[in-house]
Amino acid sequence: MKIDHHLTTQKLARNIERLFELSAQKILSLEKIWRAERGTPVFTVKGRYTTRGWTEWTQGFQYGSALLQFDATADERFLEIGRRNTIGRMAPHVSHIGVHDHGFNNISTYGNLLRLMRESKIPFHEREKDFYELALKVSGAVQAARWTRIDDGTGFIHSFNGPHSLFIDTMRTLRVLAVAHQLGHVLTGEQEEKISLLQRLLEHAVNTARYNVYYGEGRDAYDVRGRTAHEAIFNTTSGAFRCPNSQQGYSPFTTWTRGLAWAVLGFAEQLEFFGGGVRENAADRVPDARPPGNVTGSPPTAPTAGKVLLRAAAATADFYIENSCADGIPMWDTGAPNLDRLGDYLKRPANPFNRWEPVDSSAAAIAAQGLIRLGNHLLATRNTVQASRYRQAGLTIANTLLREPYLSTDVRHQGLLLHSVYHRPNGWDYIARGQKVPNGESSMWGDYHLRELALMLLRETRGEKYLTFFGCV
């Protein structure tokens, strides 16, 4: 991508305000027509939100979007929508034992409400605060209970695919473990064992960096620094790593760019949470992060978890920058089979209407926030050169997404961010008549993350408190 080193948040301010003007209409439109018995809105078809029965991982983004809108505009209508639906409809997500999505659903709703209360943007009520905190404590513990132990004695939170499956996505759902830990909660196991949520967060994060992220060290024939695997597969009997895999990407040996974006943002947020890196004694046991497979040479000495997280964040951020189009928008997968038909596409702005492969704007919205957060983290640690590169890359992507053809200005379209892709291998995305690939549609996670990115930047222009997931504690 071509990074604009002259962009500032102030230069984006008018487009951010315009986004929230458009966002208001779209939230109200969806709230008016959507019936909860239909399930959860997932993505649009011909501009209208529809559901997809797989998991209900997007409901928190639906109601969380209204809370972000209230934060940005102080319009009480959106607080009422977000608060009423969180209290009335989100409880099943708190105790859901079948998914790895707790940090998506519950931080976006209960977490945002608790944060707004702590920031005095909504009235303080002791019992309501206790209710939000209890939901987050339980959610963090339930998420941490999805635990697979591997051969070195550490473990990871397994995905909804089962105990063999480590998803890259879960890096961003770790937020709920961090918040529950800060609230003083633990997971209680057999024989009253007290299990640290912070310990499980650290082990999962380091094992994700170890098994789902590549560093150009010869792990396999496709080892390129910063490339990510959507899924890492383990033998659940021995705990040994077996192979990379991909559910929503093209192959285990290419990079599904939304998974890459989850990594960029997830690692950056955890670096912010630990405030400069995890101390050596922050956990009882940290994996040594040696790469799996037949790698020659002596294994490295055990680094601190903070160094592991920073290494993974920088590698994935660099890979994103190097493998996105000139305007910061990525194709849906870096190894998609028809990319060669697009010529030297990385040197041009992305074309969502091309005939061969779709772009994924939702990956861009997620990654932009991660790049800015990584840049801010490095700026705080006085690594100014790299900090500027990442931060300006994130602002460059934001500048692209805040304008057409990505920002949805059609009042008849319920989506906010156009050209999002859900599941290309399964063929779930709508392809309009006359088009060869999916385009022109939105997703609930894409819309939410564009709003979250815009809110983070808007608060910066206003001089408000820096937006973090742990600001609710």
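Author: Start with one crossing: H3 passes H6 in a left-handed crossing. Left-handed means that the near helix is turned anticlockwise from the far one by less than a right angle, and right-handed that it is turned clockwise. Helices (H or I, at least four residues) and strands (E, at least two) are DSSP runs, numbered from the N terminus.

Reader: What should I know about the model and the numbering?

Author: This is a predicted model: local features need pLDDT of at least 70, side-chain atom pairs count only at pLDDT 80 or more, and totals for chains, interfaces and linings use all residues. Residues are numbered from 1 along each chain as its sequence is written, and side-chain values use heavy atoms, with hydrogens and water left out.

Reader: At what angle do H3 and H6 pack, and how far apart are their axes?

Author: Two packed helices are described by the angle between their axes and the distance between the axes. Axes are lines fitted to C-alpha atoms, for helices over the stretch in contact, and angles run from 0 to 180 degrees between N-to-C directions. Here H3 (residues 76-89) and H6 (residues 107-118) pack at about 120°, with axes 10 Å apart. So H3 is oblique to H6. Angles under 35 degrees count as roughly parallel, over 145 as roughly antiparallel, 65 to 115 as roughly perpendicular, and the rest as oblique.

Reader: Which residues make the contact of H3 and H6?

Author: Contact means heavy atoms within 4.5 Å. H3 brings Leu79, Arg83 and Thr86, and H6 brings Thr109, Tyr110 and Leu113. By class, the contact of H3 with H6 has 3 nonpolar, 2 polar and 1 charged residues. Ala, Val, Leu, Ile, Met, Phe, Trp, Tyr, Cys and Pro count as nonpolar, Asp, Glu, Lys and Arg as charged, and the others, Gly among them, as polar.

Reader: How do H7 and H9 cross?

Author: The axes of H7 (residues 126-144) and H9 come within 8 Å and cross at roughly 125°. H7 and H9 are therefore oblique to each other. H7 passes H9 in a left-handed crossing. Leu136, Lys137, Ser139, Gly140, Gln143 and Ala144 of H7 meet Val176, Leu177, Val179 and Ala180 of H9. That contact of H7 with H9 divides into 6 nonpolar, 3 polar and 1 charged residues.

Reader: How many residues of H9 are buried?

Author: Buried means under 20% relative accessible area, exposed over 50%, and partly exposed in between (1.4 Å probe, protein chains only). H9 (residues 175-182) is mostly covered, with 6 of its 8 residues buried. They are Arg175, Val176, Leu177, Ala178, Val179 and Ala180. Just after H9, glycine 184 takes a positive phi of about 90°.

Reader: Where is phi positive in a residue other than glycine?

Author: Most residues other than glycine have a negative phi, and most peptide bonds are trans. Arginine 382 has a positive phi near 70°. Arginine 382 sits in the loop between H13 (361-380) and H14, and counts as exposed because its relative accessibility is 71%. Histidine 419 also has a positive phi, about 75°. Histidine 419 lies in the loop between H14 and H15, and is buried at 2% relative accessible area.

Reader: Which residues does a cis peptide bond join?

Author: Glutamate 404 and proline 405, with omega about 10°. Proline 405 is in the loop between H14 (384-401) and H15 (444-462).

Reader: How many disulfides are there?

Author: A disulfide is a pair of cysteine sulfur atoms within 2.5 Å. The count is 0 disulfides. Cysteine 243 is partly exposed at 33% relative accessibility, whereas cysteine 472 is buried at 0%.
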